[in-house]
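Here is a short walk through one protein model, meant to be read with the structure open beside you. We'll go sheet by helix by side chain.

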Amino acid sequence: MAFNYTTTTKEQKKTVDQSMLLCCKFFISEGRNIATLDAVERAARSNPETVIVNKFHGRSYNRARYSLVSYVLHDCTGNAIYSPLQQTVVAMAEAAFNTINLELHDGSHPRLGAVDDIVFHPLACASLDDAAWLAKAVAADFGNQFNVPVFLYAAAHPTGKQLDTIRRELGYYRPNFMGNQWAGWTMPDILPQTPDEGPIVVSRAKGISMIGARPWVGLYNIPILSTDVSAARRIARKVSARGGGLPTVQTLGVVCEDSAEIACMLLEPNQIGADRVQNLVEMLAAQEGLDVEKGYFTDFSPEMIVERYMNLISAKKSSP
């Protein structure tokens, strides 16, 4: 639903800035080309009401993530009707699609699209319904403006279908180069299942986008001091809920430049946190005769992200 921001009052804007916030994590299949990363970041900074609170990119993964925050407005019945994030995310996607060709891409992290994944999280007083509304609005924009197939997941999906299930159905986790790399485009040009938005025919340069909404997810990576990706995958499988390990933990064993990593998604980080994951990985790695470094989060906590947003938006308002 289109919404004219000029109809809101200054008081509304002030209130929403403080209490109704959404965070977008925007993942692209590029971590090496500085010109592309700069173009995407310029698009992200083009809207003064959207703030980049963090970014992360890896050359080996050939993947980048931007974390952005802005407010969401509601109508008199409490339904979300507008967020500056929608315009910003679409502008970032346009920059990415104009500069990334998936047929020429390679990296050690799986991917299905040039804009591979977008997830919206509610922050402060915003709700999961707000995040789901924005995810569906952006997905419609992708289908209409970029002619890109979009699969919705989690709270944005009609039945709550999870991201890893959709990815598994589409072959996301199967490397197609050297046993541990993803290169080019190898899927059929016609998708095996109908996307939620966009065409069933895929552009080999743009690929497919996943767009979802869910409560906060912790992203925690643990370096393994070995290039044995098979061992890393065995450890990852035993740590994951799917492999009988820790509930609400999803994992991926990937190779980096001179080591391997266990990339972890902590779906309920307040229940199963990084310490439990770290301890289990260390125990399993020891059984493989491997050493492990202390893991690291690739993003801030929700509380820190809200604080950074408040500080950055305040600095913007006070600057001449």
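Strands here are DSSP runs of E with at least two residues, helices are runs of H or I with at least four, and both are numbered from the N terminus. Two strands count as paired if DSSP finds at least two bridges between them.

A bit of housekeeping: residues are numbered from 1 along each chain as its sequence is written, and side-chain values use heavy atoms, with hydrogens and water left out. Since this is a predicted model, local features need pLDDT of at least 70, side-chain atom pairs count only at pLDDT 80 or more, and totals for chains, interfaces and linings use all residues.

## The S2-S3 hairpin

Strand S2 (residues 51-58) and strand S3 (residues 63-71) run antiparallel, with 7 bridges joining them. Lys55 stands opposite Tyr66 in S3. The hairpin has 4 residues between the strands, and Asn62 takes a positive phi near 55 degrees there.

The expected span is 1.5 Å times one less than the number of residues. H3 gets the same check: its 16 residues should span 22 Å, and the end C-alpha atoms are 23 Å apart, which agrees.

What lies over the buried residues of H2? The cover includes strand S1 (20-28), S2, S3 and helix H3 (84-99); contact here means heavy atoms within 4.5 Å. The buried residues of H2 are Thr36, Leu37, Ala39, Val40, Glu41, Ala43 and Ala44. Buried means under 20% relative accessible area, exposed means over 50%, and partly exposed is in between (1.4 Å probe, protein chains only). In H3 the buried residues include Pro84, Leu85, Met92 and Phe97.

## Salt bridges

Side chains of opposite charge can pair when their charged atoms come close. The structure holds 14 salt bridges, each being a side-chain nitrogen of Lys or Arg within 4 Å of a carboxyl oxygen of Asp or Glu. One of them brings together the side chains of Lys55 and Glu41 (2.8 Å, N to O). Lys55 sits in strand S2 and Glu41 in helix H2, so this pair ties together parts 14 residues apart in sequence. Is Glu41 buried or exposed? Glu41 is buried, at 14% relative accessible area, while Lys55 is partly exposed at 42%.

Another pair is Glu169 with Lys161, whose closest N and O atoms are 2.9 Å apart. Glu169 is partly exposed at 38% relative accessibility, and so is Lys161 at 24%. Elsewhere, Arg63, Asp116, Asp117 and Arg167 are linked in a network of salt bridges.

## The loop between S9 and S10

Arg204 forms a salt bridge with Asp189, with 2.9 Å between the closest N and O atoms. Both residues lie in the loop between S9 and S10, so the pair ties together parts 15 residues apart in sequence. Arg204 is partly exposed at 33%, and Asp189 is partly exposed at 34%.

Ile190 lies in the loop between strand S9 (182-183) and strand S10 (209-213), and is exposed with a relative accessible area of 54%. Together with Ile200 and Val201, Ile190 makes a nonpolar surface patch of about 250 Å².

## Ser209 in strand S10

Ser209 has its place in strand S10. Buried or exposed? Ser209 is buried, with a relative accessible area of 0%. Leaving out residues up to four places away in sequence, Ser209 touches Phe97, Val115, Asp116, Phe142, Val148, Pro149, Val150 and Phe151. From Ser209 to Thr186 is 23 residues in sequence and 16 Å in space, C-alpha to C-alpha.

Key
Patches are made of residues with over 30% relative accessible area and no salt bridge: like charges are joined within 9 Å, nonpolar side chains (Val, Leu, Ile, Met, Phe, Trp, Tyr) within 5 Å. Accessible areas come from the Shrake-Rupley method with a 1.4 Å probe; for residues, only the protein chains shown count as cover.
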